[in-house]
Number of protein chains: 2
Amino acid sequence: MSSAPSLKRVIALLWRSQVSGEERRHPGPRPRLDVDRIVDEAVALADENPSAGVSMRALAGRLGVTPMTLYGYVPDKGTLLALMYDSIHAEMPRVVGEGISGVVDWVEEVVEVYLRHPWAIPVAYGRPILGPYEQEVFESLAVALRRRDLDAQTARGLVGTIFHLIRGTAHAISASRQAQEESGVDERAWWNEASTALAEVVPDFAERFPGTVWLVAESETDDGDHDYVARHSMTNLRTGVRLLLGGAAPGS
Amino acid sequence: MSSAPSLKRVIALLWRSQVSGEERRHPGPRPRLDVDRIVDEAVALADENPSAGVSMRALAGRLGVTPMTLYGYVPDKGTLLALMYDSIHAEMPRVVGEGISGVVDWVEEVVEVYLRHPWAIPVAYGRPILGPYEQEVFESLAVALRRRDLDAQTARGLVGTIFHLIRGTAHAISASRQAQEESGVDERAWWNEASTALAEVVPDFAERFPGTVWLVAESETDDGDHDYVARHSMTNLRTGVRLLLGGAAPGS
DNA sequence: TTCATCCCTGTACGGCGTAGACAGATGTTA
DNA sequence: TAACATCTGTCTACGCCGTACAGGGATGAA
């Protein structure tokens with residue numbers, strides 16, 4: 001069950017909407033923390049060890065406070081994640097340059113922000129978070145598409161598709177980096193290990209999967225770059241977005 | 001640290017490679033379970049309550065066995081998830097029809113399989129699982145692209161991009177359905193609630209985010225379909241894949 | 001000075017993945 | 001048949017997790 005907090009409460013938190021009561025006029029000790037500090041520290045904590053994520057206990061410890069204290073500021077961990085998620089969107093570029101290239105560049109920058117905060121990627125799925133910063137990012141893409149004279153229906157589909165590509169790309173790159181960091185095995189070494197093991201377990205691989213062999217073998221351009229997954233993924237992303245935007249005619 | 005099991009062990013498990021010893025020739029009680037049964041039951045369990053996922057304890061209970069028993073068959077939960085993930089790829093269509101439409105139809109069917117097993121979607125990210133069924137699915141797409149005379153480099157990028165779209169679409173639809181089920185609030189009602197709350201908290205929304213308003217308001221075609229998120233997402237997916245494949249010239 | 005209010009804490013519950021020691025069943029061998 | 005090596009499943013326990021609940025102490029208004 002767990003009963004999520006009311007949507008209104010979450011939205012109010014996201015937009016930091018005070019009820020304009022301004023100054024405190026009531027008894028009781030004044031709070032030692034505030035939402036901004038909690039969120040900032042949570043982001044820092046999550047950034048420092050992306051694999052573990054945040055735990056309420058660890059965050060409280062870092063803030064010099066008992067875990068339960070946090071629940072005075074934030075209704076639950078899900079909401080905290082939403083706040084963290086929205087806050088990193090402040091780092092994303094808002095303005096999109098002219099034309100397709102503008103969008104393509106912007107998309108790449110957005111991915112880079114996600115890569116600085118890999119824990120945020122899974123949060124992005126599902127219903128929109130509806131926070132102010134995510135909203136601004138969304139807005140800037142919407143405006144850019146409107147400038148291209150697309151109809152709203154097409155534009156809306158494009159926005160969704162583009163965000164799928166952004167998140168997918170970011171997810172893939174960050175997973176690769178994380179696996180690399182945890183296992184100490186870099187991408188090339190991992191691939192070697194994997195293909196050796198596969199060859200042993202599935203001796204007739206090449207005959208059973210000729211298409212795969214073709215795809216992988218002939219496109220191998222490692223270049224000795226230890227982060228080539230990121231490079232290739234980014235290139236694919238740019239190509240993909242270019243195709244999507246180029247193909248979506250203003251008339252259609 | 002948790003130290004993942006050796007890649008070779010995992011691959012051997014995925015391909016159910018026996019060391020060809022065939023019959024048991026050693027003392028000790030014979031196993032009451034086998035990997036297939038565990039995986040099948042785990043998939044069934046996960047399907048039954050997609051929000052909770054599998055826990056080793058719950059799975060053991062369903063198999064009439066102690067949690068620790070499972071570790072005699074599977075090195076850890078991550079590997080179990082990999083096995084489950086690969087197993088559902090057996091349901092996916094292998095053959096891709098001719099031309100772009102063939103791929104587009106196939107993509108849609110793949111999404112539908114993921115939607116029957118929503119827990120599998122997050123597993124898909126990161127390094128490939130390298131199991132036999134996933135491999136076959138991958139292979140069929142690779143072959144279809146080779147038939148279109150793309151060079152391997154382009155094809156490889158396309159495969160990645162298409163899978164991003166598949167997973168993104170599946171993820172979005174399943175998250176929407178799940179939220180709907182958990183909260184009892186359907187998509188339309190949720191949106192009403194959200195926009196009411198937003199209007200209250202951010203009275204100047206329309207002036208601050210005109211692009212968003214344009215995008216959302218003018219493309220609203222609800223039709224009273226309570227699962228319209230799925231319908232729209234699928235349409236966007238088809239459009240996206242069509243644009244990608246249509247734009248990727250054989251020459252390029 | 002009284003008192004209502006609110007922040008923070010302590011304790012506790014029920015979950016999780018899984019490490020480690022061990023009991024019992026089993027097939028082979030003497 | 002008896003001894004033994006081997007393997008399976010169990011029990012217990014550790015250290016995590018999110019968070020419900022009750023209450024202590026500080027605080028400002030009356």
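Predicted model: local features only at pLDDT ≥ 70, side-chain atom pairs only at ≥ 80, totals over all residues.
I began with the surface near DNA strand D, where helix α3 (residues 56-62) of chain A gives the largest share, 3 residues. For my notes, a helix is a DSSP run of H or I of at least four residues, and helices are numbered from the N terminus, while "near" asks that the C-beta atom of a residue, placed from the backbone, lies within 6 Å of the strand.

Residues are numbered from 1 along each chain as its sequence is written, and chains are lettered from A and ligands numbered from 1 in the order in which they are written.

I then listed what surrounds DNA strand D and found 25 residues, the closest being A:Pro27, A:Ser55, B:Gly28, B:Arg32 and B:Thr66. By class, this surface has 12 nonpolar, 7 polar and 6 charged residues, with Asp, Glu, Lys and Arg counted as charged, Ala, Val, Leu, Ile, Met, Phe, Trp, Tyr, Cys and Pro as nonpolar, and the others, Gly among them, as polar.

Next I looked at where the two protein chains meet, and the contact takes 61 residues from chain B and 61 residues from chain A, where contact means C-beta atoms, placed from the backbone, within 7 Å. On the side of chain B that touches chain A, α7(B) gives the largest share, 19 residues. That side divides into 30 nonpolar, 23 polar and 8 charged residues.

I noted that 100% of the interface residues of chain B are also interface residues in chain A, so the copies meet through the same surface.

Notes. Helix = DSSP H or I, 4+ residues; strand = E, 2+ residues; numbered from the N terminus.
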